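Biologist: Please walk me through how to read a model of this kind, one feature at a time. I would like the general idea before each case.

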Amino acid sequence: MTSNNFDQQRLKDLEDNLAKEQELLKQFEDELRYERDPINKAKYQRDIDRQKQAINQYQTEYQELKDKLSSESSSQINNVLQVNPSGTPPNPQQSILSNVSAGGNITIGSINQINSGTSPQNNLTTQNSASHPSTIKIFLASSSELKEDREQFEIFIYRKCKEYKKEGIFLELVIWEDFIDAMSQTRLQDEYNKAITDCDIFVSLFFTKVGKYTKEEFLKAWDTFKVNNKPLIYTYFKDVDIKIGEIEEDDISSLFDFKKKLKEKGHYPTKYSSIDNLKNHFGDQLTKLLPKLKESKEKSS
């Protein structure tokens with residue numbers, strides 16, 4: 001693939017990504033508009049802020065690439081006019097691409113028109129007829145020492161959300177940051193534990209210690225699973241080299257005690273050596289689980 005062809009393909013990919021990001025942003029904004037629960041409102045606001053950041057990044061890259069191709073496109077248009085001086089109107093797809101090259105705005109309708117060859121009106125009908133996706137809630141628990149892994153896992157789920165949306169599945173990640181700004185008449189951890197009972201999947205990450213609240217969250221998920229057969233529980237332990245001098249006796253003791261309790265319960269955790277290793281394993285699990293969870297939710301509704 002030549003450099004120009006690569007840039008053109010990347011431009012089309014960015015158009016597609018922008019359309020998906022804008023559609024997801026609108027969904028979050030619609031949910032926020034009618035939401036009354038303060039915890040959910042805080043979560044949707046955080047999702048909206050994240051969406052806007054992603055859209056800004058895509059728009060910046062798109063604009064830079066469009067500027068790069070602008071002069072090349074102008075040259076190509078001039079060549080076409082010289083070959084076709086009769087002024088025969090180009091087809092709709094060429095018109096849209098020419099508008100983009102000239103600095104015109106991109107809309108979801110025009111992007112889909114390029115990809116499918118249909119008119120914006122027909123595409124709008126297709127969008128309106130799409131069924132509302134089934135929401136699968138994933139609760140993530142971890143200690144503060146795994147902050148970076150937690151953030152990377154959040155990005156991973158966010159990307160998977162876009163991937164599975166076309167299959168009628170919406171992934172919603174529940175993390176402690178969603179609860180910080182929410183008012184509660186009880187302690188915040190009680191609100192956190194309550195959210196666990198509403199989730200479909202519970203994921204916990206551990207490294208050198210098991211904090212009091214993370215342990216409490218796991219036990220809450222375990223007790224809920226025994227009663228409701230949900231949430232499905234995934235427990236991961238990070239397995240990497242660490243300096244002996246960095247280990248605290250109380251921390252490592254809490255880890256050993258927790259592992260012992262897991263063994264007594266017949267629950268065996270999975271080790272991961274890197275964030276990519278974690279994402280690959282959990283991604284495989286999602287592939288197996290999500291169709292069944294979606295089917296179960298559709299039957300119950």
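Modeller: Let us begin with the nonpolar core, which is a set of buried Ala, Val, Leu, Ile, Met, Phe, Trp, Tyr and Cys residues joined through side-chain atoms within 4.5 Å. Buried means under 20% relative accessible area, exposed means over 50%, and partly exposed covers what lies in between, with a 1.4 Å probe and protein chains only. The model is predicted, so local features need pLDDT of at least 70 and side-chain atom pairs count only at pLDDT 80 or more, while totals for chains, interfaces and linings use all residues. Residues are numbered from 1 along each chain as its sequence is written, and side-chain values use heavy atoms, with hydrogens and water left out.

Biologist: Which residues touch the most other members of the largest nonpolar core?

Modeller: In soluble globular proteins, nonpolar side chains tend to be buried together. Here the largest core has 44 residues, and those touching the most other members are L171, I201, V203 and F282. At least two residues each come from α1 (3-34), α2 (38-83), β1 (134-142), α6 (147-165), β2 (169-174), β3 (201-206), β4 (232-238) and α10 (275-300), where helices (H or I, at least four residues) and strands (E, at least two) are DSSP runs numbered from the N terminus. The largest share, eight residues, is supplied by α2. Apart from this core lies another one of 18 residues, among them F139, A195, I233 and L255.

Biologist: What does V203 touch?

Modeller: Contact means heavy atoms within 4.5 Å. Leaving out residues up to four places away in sequence, V203 touches I138, F139, L140, A141, F153, Y234, Y236 and F282.

Biologist: In what order do the five strands form their sheet?

Modeller: Two strands pair if DSSP finds at least two bridges between them. By that criterion the five strands form an open sheet in the order β2-β1-β3-β4-β5, with parallel pairing. At the edges stand β2 and β5 (270-272), each with a single partner strand, so one side of each has no neighbour in the sheet. Neighbouring strands are turned by 25 degrees against each other on average, direction ignored; axes are lines fitted to C-alpha atoms, for helices over the stretch in contact, and angles run from 0 to 180 degrees between N-to-C directions.

Biologist: Where do individual residues sit in the pairing of β1 and β2?

Modeller: β1 and β2 pair in the parallel sense over six bridges; I136 stands opposite L171 in β2, and the bridge partner of K137 in β2 is E172. Likewise, β3 and β4 pair in the parallel sense over six bridges, with F202 opposite I233 in β4. Burial can be read strand by strand as well: seven of the nine residues of β1 are buried, and five of the seven residues of β4 are buried, so β4 is largely enclosed by the rest of the structure.

Biologist: Which strands does α6 lie across?

Modeller: Helix α6 lies across β1, β2, β3, β4 and β5, running at about 165 degrees to β2. Helix α9 (residues 249-265) also packs on the sheet, where it touches β3 and β4, and its direction makes about 145 degrees with that of β4.

Biologist: Is E154 buried or exposed?

Modeller: E154 lies in helix α6 and, at 10% relative accessibility, counts as buried. Beyond residues up to four places away in sequence, E154 touches R46, R50, L173 and I175; the C-alpha atoms of E154 and L173, 19 residues apart along the chain, are separated by 7.2 Å.

Biologist: Which residues does the cis peptide bond join?

Modeller: Most residues other than glycine have a negative phi, and most peptide bonds are trans. Here a cis peptide bond joins K230 and P231, with omega about 5 degrees, and P231 is found in the loop between α8 (212-228) and β4. N229, placed in the loop between α8 and β4, has a positive phi of about 60 degrees although it is not a glycine, and at 58% relative accessibility N229 counts as exposed.
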